[in-house]
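Welcome! Please take a moment with the sequence and the 3D picture below before reading on.

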Amino acid sequence: MRRYGKNPDEDDIRVRPNPKGNRPRTNIRPKHADAGEGLVLTVDRGRLTCLIDGRTVTAMKARELGRKSAVVGDRVAVVGDLTGAKDTLARIVRVEPRSSTLRRTADDDDPFERVVVANADQLAIVTALADPEPRPRLIDRCLVAAYDAGLDPLLVLTKSDLASADALLESYGALGVPYIVTNRDELADGIAAERVRASLAGRMTAFVGHSGVGKTTLVNALVPERRRATGHVNAVTGRGRHTTTSALALPLPGGSGWVIDTPGVRSFGLHHVDPSRVIHAFPDLEPGTAGCPRACSHDEPDCALDEWVTDGHADPARLYSLRRLLATRERREGD
């Protein structure tokens, strides 16, 4: 066997041919200027259904995206077969910048963020007044996540035929969150759908809520031609059964907006939330933070917000509500 010395002559080195061709590698990626513009409607086991020019196209993420993922609500660039014909598969080559990102974690100790939806501008927090019982801590956590993501919250209370909404609405009155109260008769008659639809016009709204609160039932009433399976509440545990297993974006009739139905949640962790951003949802209190000490939690003896409220610049109930929301990160939802 021929051996080379420490400094072999270049002519002595045999270069093996590249079986894949001799084109050198490059870090320059194609621009895909001719890519189609799509909206991700749902994601199922690596396959993404996108809406492109009125057609639904099945696509997969291109390797060049690396670990960057696309979620429901994302605006994406798609290449390949865009006809939407059966057994065709396109490629998502680019995820456009997001205007908003709604995230959650499994619990407050979990650093892994899960993106719920992208590019929504409103969060409809659906809760039942009974069967199952309302969970105010979960509502608080959803409100914090909405404020952190820059989404406008909307409180949707269902099953008012079983219990009154007065007590729950009183506790959220100081926050000024818009609300809609519905019952089963109104859902059956279509009255509830019309009232809710008026609050969704021209917006992309994500629906979140505990399993069994009637979230998917309401979505079915809003978009009757795309009915999804619904479940029932367990009489023993008082918990709903997960029937919606993946998020799905649906257009409202007449193209007046979008609703995104999401799977029922048992928890809504806030590990990713920076408490300092929550104050931005309280414009009447935010100027009062100018005198706060550095890294103020807004719930300590030296907080300037107490003096701001005492001087009459804001309602004390607003400060209480802010501190209650900030405290949700330290409290379990069942507390």
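Here is a short tour of helices, strands and cores.

This is a predicted model, in which local features need pLDDT of at least 70 and side-chain atom pairs count only at pLDDT 80 or more, while totals for chains, interfaces and linings use all residues. Residues are numbered from 1 along each chain as its sequence is written, and side-chain values use heavy atoms, with hydrogens and water left out. Helices (H or I, at least four residues) and strands (E, at least two) are DSSP runs, numbered from the N terminus.

**Helix α1**
- The 14 residues of α1 (residues 136-149) should span 20 Å at 1.5 Å a residue, and the end C-alpha atoms are 20 Å apart, which agrees. The expected span is 1.5 Å times one less than the number of residues.
- Of the 14 residues of α1, 13 are buried, so this helix is largely enclosed by the rest of the structure. Buried means under 20% relative accessible area, exposed over 50%, and partly exposed in between (1.4 Å probe, protein chains only).
- After α1 comes G150, with a positive phi near 80°.

**Strands**
- Strands β2 (residues 47-52) and β3 (residues 55-61) run antiparallel and are joined by 5 bridges; two strands pair if DSSP finds at least two bridges between them.
- The hairpin of β2 and β3 has 2 residues between the strands, and D53 in the turn has a positive phi of about 50°.
- β3 also pairs with β5 (residues 90-95), in the parallel sense, over 3 bridges. There, M60 has R91 of β5 as its bridge partner.

**Helix α4**
- Which residues of α4 (residues 191-200) are buried? They are A192, A193, V196, R197 and L200.
- These residues cover an arc of only 125° around the axis, which puts them on the same side of α4. The arc is that of the directions from the helix axis to the C-beta atoms.
- E194 and A198, on the other side of α4, are exposed.
- Just after α4, G202 has a positive phi of about 75°.

**Nonpolar cores**
- A nonpolar core is a set of buried Ala, Val, Leu, Ile, Met, Phe, Trp, Tyr and Cys residues joined through side-chain atoms within 4.5 Å.
- The largest core has 55 residues, and L123, L143, F282 and L322 have the most contacts inside it. α1 gives the most to this core, with 9 residues.
- Another core, of 19 residues, lies apart from it and includes L200, F207, L252 and V259.
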